[in-house]
Amino acid sequence: QNSRIDNQPELLTSIYGSMLYRVRKSKFTDKAKALFWYQGESNQVTNYAQNFRKLHTDWLSDYPSLQRVYMVQIRPGCANFASHNLLRDVQRAMQDSLPKLEVTSAVALPGHDGCHYTPVGYTALGNNLFRLVERDFYNSTDDVGVSAPAILRAYFTGTDRTKIAVVFKPKTGGLQIQADVMVNSIAQSVRDHIYLDGGTKINSISTSADTIFLQLAAASNASNISYIPAVYY
């Protein structure tokens, strides 16, 4: 729905064309520096990467002054699609191959109503995005916690396979683990929401700079790790 109709790029009945038409009429196509992309609650992972790459290429062609594209990664909720965890992972990795793209997260925003957000949530998202813009375009030195942490690799720290290191970028400021909270009168801990294939439980979590260390309850042969549930918290 958001793709360019290549033989009619300014088609007014299309989402892409109506925006491009207005920007060209305003004579801003060679002045737009940043584009924000927040869409996908009804999307599936099938062909998402392929479609987004095409869209990204078209943006850079039609808005030649673009320096940054900011993608907001969708959070669990709304449409109950089993592939949304896979879609989030595709979104997470897009910036690794598209140098003008930065992915930021919507997961921790307040005011989530199960699908969208109350005004406090959208205000928080706007503030998060502003910090990125301020850093990238207005020489801000406020760079602590501005970029969303993105996993680089995970590995067992020893041959006994009872401890895992999960390395993130960027390094600036280090990582913090959210304190345990009560949700619907049930105590929730971050360690209960990190998953290994095979079901091995995590006893404790610690951090050092850009790395989270997971102390397992027993030795594990896991080859995959996930830190966001498939649908809801």
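Q: How much of the chain counts as buried?
A: Of the 233 residues, 36% count as buried. Here, buried means under 20% relative accessible area, exposed means over 50%, and partly exposed lies in between (1.4 Å probe, protein chains only).

Q: And what kind of model is this?
A: This is a predicted model, in which local features need pLDDT of at least 70 and side-chain atom pairs count only at pLDDT 80 or more, while totals for chains, interfaces and linings use all residues. Residues are numbered from 1 along each chain as its sequence is written, and side-chain values use heavy atoms, with hydrogens and water left out.

Q: How many helices and strands does the chain have?
A: The chain has four helices and 11 strands. Helices (H or I, at least four residues) and strands (E, at least two) are DSSP runs, numbered from the N terminus.

Q: What box do the C-alpha atoms fill?
A: Taken along the principal axes, the box is roughly 65 × 40 × 35 Å.

Q: What share of the contacts joins residues 24 or more positions apart?
A: Such residues account for 61% of the contacts in the chain with a separation of 6 or more. A contact means heavy atoms within 4.5 Å.

Q: Turning to helices, which residues of H4 are buried?
A: They are Gly-121, Ala-124, Leu-125, Leu-129, Leu-132, Val-133 and Phe-137.

Q: What should H4 span, and what is the distance between its end C-alpha atoms?
A: At 1.5 Å a residue, the 19 residues of H4 (residues 119-137) should span 27 Å, and the end C-alpha atoms are 26 Å apart, which agrees. The expected span is 1.5 Å times one less than the number of residues in a helix.

Q: Which residue with a positive phi follows H4?
A: H4 is followed by Asn-139, whose phi is near 60 degrees. Asn-139 is placed in the loop between H4 and strand S4 (150-156).

Q: Is Asn-139 buried or exposed?
A: Asn-139 counts as exposed, because its relative accessibility is 72%.

Q: Where does Ala-209 lie?
A: Ala-209 lies in the loop between strand S9 (202-208) and strand S10 (211-216). Ala-209 has a phi near 55 degrees, a positive value in a residue other than glycine, and counts as exposed at 51% relative accessibility.

Q: Back to helices: which residues of H1 are buried?
A: In H1 (residues 15-25), the buried residues are Tyr-16, Gly-17, Ser-18, Leu-20 and Val-23. These buried residues of H1 pack against H2. Just after H1, Lys-27 takes a positive phi of about 60 degrees.

Q: In which helix is Asp-62?
A: Asp-62 is placed in H2 (residues 48-62), and it is buried because its relative accessible area is 9%.

Q: Which residues is Asp-62 in contact with?
A: Leaving aside neighbours within four places in sequence, Asp-62 is in contact with Arg-4, Tyr-16, Leu-20, Arg-24 and Thr-29. With Arg-4, the side chain of Asp-62 makes a side-chain polar contact at 3.0 Å. A polar contact is a pair of N or O atoms within 3.5 Å; within protein, one must be able to donate a hydrogen and the other to accept it, and residues adjacent in sequence count only if both atoms are side-chain atoms.

Q: Last topic: where is His-116 found, please?
A: His-116 is found in the loop between S3 and H4, and counts as partly exposed at 36% relative accessibility. Not counting residues up to four places away in sequence, His-116 touches Glu-41, Gly-111 and Tyr-122.
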